[in-house]
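Dear colleague,

I am pleased to hand over the structure below for your study. Please keep it open while you read the notes that come after it.

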Amino acid sequence: MATISAQAVKELRDKTGAGMMDCKAALGETDGDLEKAVDWLRKKGLAKAANKAGRTTADGLIGLAQTATKGVVVEVNSETDFVARNEFFQGLVRMIADVALTAGTDVEVIKQAKIGKLTVAEAIAESVAKIGENMTLRRAASLSVSGGVIANYVHSQVAEGLGKIGVLVAIETTGQVDEATRFGRMVAMHVAASNPQALDPSHLDADTVRREKEVLADKAKAQGRPADKIDMIVESGLKTFYKEVCLLDQPFIHDPGKSVAQAAKEAEGKIGAPIKITGYVRFALGEGVEREKKDFAAEVAAAVGPR
C-alpha cells in the first residue's frame, strides 16, 4: 500500500472540500492516485447526497434573474441558514436562476438543463457533497411584459439578487423606463411587506371569496341584523376584505392615504404615459414548509456518547 502523506491529504481536501478522514481513506483505496481519489470521493459524495434527501430543507435562498422584459425567481433550499452565507451556494442559486430564464419554470425541466458540462441536478448533487447539507430546487416562477418593465425587490439581501424574500412586478407602459422601474420597485417593496393574495378581486380564488361571504353573512345574522340588509352588509364587508388582500386595493405602504391603484395613476405623470400593473410574483423562503423540530440537547448527548 502506498504511503499517504499529509500533503497529499491536504491537496485532495483542498481540491474536493471533503473531510480529512474521507480524503485519507480515498487515497488509501486508490493507492495514492489523486485523480482516482477525486473520483472515489465524488462517487461517495453523490451517495451521501442521496442519503441526505430525507432531511428537511427550509432555509437557503431566493434567487432572481431578469432581462428588461422578463424576470424569474427561484427558491433553492438547504438545511441551515449558514449555507446561505456560503459563496459557493450563492453561486449555485444564481446559476439556477440564470438557467430558468431560458429553461422555463418547470422544476424538472430546470434540473435537466445544463450548467457547463453538468445538469442542474448534477450540480446540486455535487454541491450537497461539497457543502455537506441536503439542497433542493423547490420552485420557480416567471413574469414578463410585452412592453414596459419588470421591477424587482429582494428583502434581507445577502448578495445581488439573493435573499429571503424575492418579488417581481410587471409594469406595462410606453413611458420612461427609469421612472417606471423606480415606481415598480416601490410596488415590489409593498408586495414584500403586505403579501397580497391576488392582484385584484377578479384574480382571487373563487372558494376564498365564497368562504368570506359566508363568514360575513353568518356574522351579520349572529349580530341580529335584518335579513333584508344581509346582502348589503356582505358587499360592504367584501370591499374591506379586498383592501386587505388585493394588491391594487391595498393602502400603498409608501403613502397609506392612497391605494396602490391610485398611486399607480399618480405615477403616470412622472412616467409620461399610462401604466398598468399586470402581475407580481412573491417568494418567501421556506413558506409552507414544515420545519423539523430538533432536540439539540439530545443531539449533543448522542454525539458525545455515554460517559
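The notes below begin with the whole chain and then turn to particular residues.

This is a predicted model, in which local features need pLDDT of at least 70 and side-chain atom pairs count only at pLDDT 80 or more, while totals for chains, interfaces and linings use all residues. Residues are numbered from 1 along each chain as its sequence is written, and side-chain values use heavy atoms, with hydrogens and water left out.

**The protein as a whole**

The protein has 11 helices and 11 strands; helices (H or I, at least four residues) and strands (E, at least two) are DSSP runs, numbered from the N terminus. Of its 307 residues, 43% are buried. Buried means under 20% relative accessible area, exposed means over 50%, and partly exposed lies in between, using a 1.4 Å probe and protein chains only. If one takes the contacts (heavy atoms within 4.5 Å) between residues at least 6 apart in sequence, 65% join residues at least 24 apart.

**Aromatic rings**

Two aromatic pairs occur in the structure. Rings of Phe, Tyr and Trp (its six-membered ring) pair if their centres lie within 6.5 Å; planes under 30 degrees apart count as stacked, over 60 as edge-to-face and the rest as tilted. Phe183 and Phe252 form a tilted pair, with 6.0 Å from centre to centre and 50 degrees between the planes. Phe183 belongs to helix H7 (residues 177-194) and Phe252 to strand E9 (residues 251-252), so this pair ties together parts that are 69 residues apart in sequence. Both of these residues, Phe183 and Phe252, are buried. The pair of Phe241 and Tyr242 is also tilted, at 6.2 Å centre to centre and 50 degrees between the planes, and both Phe241 and Tyr242 are buried.

Charged side chains also sit over rings; this is counted if NZ of Lys or CZ of Arg is within 6 Å of the ring centre and within 35 degrees of the ring normal. The charged end of Lys130 is placed over the ring of Phe88, 5.4 Å from its centre. Arg139 lies over the face of Phe283, 3.9 Å from the ring centre.

**Helices H8 and H9**

Helix H8 (residues 206-222) packs against helix H9 (residues 230-245) at an angle of about 130 degrees, with the axes 9 Å apart. Axes are lines fitted to C-alpha atoms, for helices over the stretch in contact, and angles run from 0 to 180 degrees between N-to-C directions. The angle makes H8 oblique to H9. Residues of H8 that take part include Val209, Leu216 and Ala220, and those of H9 include Ile233, Phe241 and Tyr242.

**Ile275**

Ile275 is found in strand E11 (residues 275-284) and is buried, with a relative accessible area of 12%. Ile275 and Ile171 are 104 residues apart in sequence, yet 6.5 Å apart in space, C-alpha to C-alpha. Among the residues that Ile275 touches are Ile171, Phe183 and Ala264.

**Two residues with positive phi**

Asp31 is not a glycine, yet has a positive phi of about 55 degrees. Asp31 is located in the loop between helix H2 (20-29) and helix H3 (34-51), and is exposed at 55% relative accessibility. Asn195, which is not a glycine either, has a positive phi of about 45 degrees. Asn195 is placed in the loop between H7 and H8 and is partly exposed, with a relative accessible area of 41%.

Yours sincerely

Note on methods. Parallel < 35°, antiparallel > 145°, perpendicular 65-115°, else oblique. Lists of a residue's contacts leave out its neighbours within four places in sequence.
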